[in-house]
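Please look over the model below before reading on. The report then walks through selected elements one at a time.

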Amino acid sequence: MPTNTKELKPVILNAFCMGTLGLQCPGLWKHPKDKSKNFNKIEHWTYLAQLLERGKFNAVFLADVLGPYDVYDGPGNLAPVAVSGAQFPTTEPSAVVSAMAAVTKDLSFGITFLTMSEAPYHLARRLATLDHLTNGRVGWNVVSSYLASGARNLLNGAELTPHSERYNQAQEYLDVVYKLFLSSWADDALELLDGVFTNPDKIREIAHEGKYFKVPGVFVTHPTPQRMPVVIQAGTSRQGKEFAAKNAELVFITTFSAEELAKQIADIKKIAKEKYGRPEGSIKFLQLITPVVGKTHEEAEAKYQELQLYGDLEGAQALFSGWTGVDIGKYGPDENINEAGTNAVKSFLQLWNKKSPGEPEGAAKTRKEIAKQITVGGLGPVFYGTAEEVADEIQHWVEVSGVDGFNVTYAVNPGTFEEFIEHVVPVLQERGLAQQDYPKVDEDRNLTFREQLFGTERKDPTYFLESHPAYDLRWRAGESRDEFERRLNKKRKSEAQDVE
Ligand SMILES: Cc1cc2nc3c(=O)[nH]c(=O)nc-3n(C[C@H](O)[C@H](O)[C@H](O)COP(=O)(O)O)c2cc1C
């Protein structure tokens, strides 16, 4: 057990899921205990939500892609994902959230929406609707997309926008969404008094006119319980980190060592503090993991190896090629890709240090080996062993990196979550590393997503921290339109001066 002298605090536990079969572990739908093929059934999601709430998870997160991973042996090669079910087919993530919310009270929901194709106005309304229906339990994973196969169908035949421009566009997209949520309606616009439902003087047009979007009007949905859903991000490039440092309240990272994770977190925190004045603690970080638990260490190892037997190597290579944009099929099966690969692949593999049972340290990274490693845990490390050993590993990563929590994903669904909740969560709770229960809030309401992350003790706990760049965009109760607009103009001027 890792030694520690500091008091441990509960980590954030997030379940990493998707409306598909092979989210991270292609082929494991063939495992006799796996039920992920029921992802198109509502009971699959309501069961999962209730299970996670029993395990005191903070949130469930729904990943999304809008096209097949067709780069491997491609272009346009559908067969590996069709056969293996590697993130194909998929269903739309927000559709299951209302059902999961209806059978839970405190569990929150992170939902992936792309900024590539849909009008920000439309997305904002969908998100606002869910923040209302869940009473403030939603967050938005802002993704600027990486699959050309998706772009082809969503951009009216145009190619995927170049990386840097995708992020510029994503920033403007988010700015529009901030304005719609925060600056179109005053907090007290809904009067419901003397025959007046909404006071028209408390609604204003946002008049957004930018490089990519023109959104002149008022928002069509009234202020939501969190005022703005939690902003989540998972970019890894320099620009991705900048975007996270400026906007995100929750950041998803995946690395294969606690030391590397510490570096990634420090990097984003530094930009956040120095460039955007966001102090320590204003962004929470989660690391992706797949737990494999046994009664003994040997049993867990055997289980890991058994899981790998169901893995689909073709599907794994399709995922790799989609993630990197590089067709791994161009290399020989035993070729050391780390040496032969292009710069993009090398930099991706530089940090690929996945340790599976029975595999030697520092082995050559061949196509075959990487594919095999992807089949269990995908892009993240596998924590395997007894419940105590898995808890040790979690504790170790927390102590070394200062990470705030974990994105727990499954090899077998829902079995991985059931075992983690039955065996590992109680050990974490005993150590003070997992919450025993959700914090209590007023009787008549549930916990919001933001409170799951930043606690219930703040003055306005359901809203952004004061250091968030969009904090001041909110039209407050009691503020006239003129007062609000004067305040906004002042903010705009001072930001423009900062840039100069
Ligand atoms: C844990 C995790 C979850 C992610 N989930 C999604 C997702 O659901 N949909 C998506 O298009 N991209 C997802 N991504 C990819 C990122 O949004 C991003 O495109 C990727 O990390 C590459 O970074 P870059 O865009 O800064 O180059 C995820 C990344 C990580 C690490």
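**Strand S4**

This is a predicted model. Strand S4 spans residues 138–143. Of its 6 residues, 6 are buried, so S4 is largely enclosed by the rest of the structure. Both of its faces are covered. Val138, Trp140 and Val142 are buried on one side. Gly139, Asn141 and Val143 are buried on the other.

S4 pairs with strand S3, residues 108–114, through 6 bridges. The two strands run parallel. Within this pairing, Thr112 stands opposite Asn141. From S3 the chain passes through helix H4, residues 120–133, to reach S4. This β-α-β crossover is right-handed.

S4 also pairs with strand S9, residues 230–233. Here 3 bridges join the strands, again in parallel. Asn141 has a bridge partner in S9 too, namely Ile232.

**The ligand shell**

Which residues are closest to the ligand? They are Ala63, Ala234, Gly235, Ser237 and Gly240, out of 19 that surround it. By class, the shell has 7 nonpolar, 11 polar and 1 charged residues. S4 supplies at least two residues of this shell, and so does helix H7, residues 238–247.

H7 has its own buried set: Gly240, Lys241, Phe243, Ala244, Ala245 and Asn247. The buried residues of H7 pack against helix H6 (163–182), S9, strand S10 (250–253) and helix H8 (258–276).

**Helix H10**

Helix H10 covers residues 313–324 and has 12 residues. From first C-alpha to last it reaches 17 Å. That is close to the 16 Å expected at 1.5 Å a residue. Of the 12 residues, 9 are buried, so H10 is largely enclosed by the rest of the structure. The buried residues include Leu313, Leu319 and Phe320. Gly315, Ala316, Gln317, Ala318, Ser321 and Gly322 are buried as well. They pack against helix H2 (79–84) and helix H13 (367–374). Gly325 follows H10 and has a positive phi, near 80 degrees.

**Backbone exceptions**

Most residues other than glycine have a negative phi, and most peptide bonds are trans. The table lists exceptions in this model.

| Site | Feature | Value |
|---|---|---|
| Gly74–Pro75 | cis peptide bond | omega about 10 degrees |
| Phe88–Pro89 | cis peptide bond | omega near 0 degrees |
| Asn135 | positive phi | phi near 55 degrees |
| Asn156 | positive phi | phi near 55 degrees |

Pro75 lies between strand S2 (59–63) and H2. Pro89 lies between H2 and helix H3 (97–102). Asn135 is in the loop between H4 and S4. Asn156 is in the loop between helix H5 (148–154) and H6.

Why does Asn135 count as partly exposed? Because it has 17 C-beta neighbours inside 10 Å. Asn156 has 8 such neighbours, so it counts as exposed.

Definitions and conventions: Residues numbered from 1 in each chain as written. Predicted model: local features only at pLDDT ≥ 70, side-chain atom pairs only at ≥ 80, totals over all residues. Buried ≥ 20, exposed ≤ 12 C-beta atoms within 10 Å, placed from the backbone. Helix = DSSP H or I, 4+ residues; strand = E, 2+ residues; numbered from the N terminus. Pairing = 2+ DSSP bridges. Right-handed = clockwise from strand over helix to strand, strands pointing away. Near = placed C-beta within 6 Å. Nonpolar A, V, L, I, M, F, W, Y, C, P; charged D, E, K, R; others polar. Contact = placed C-beta atoms within 7 Å. Expected span 1.5 Å × (residues − 1).
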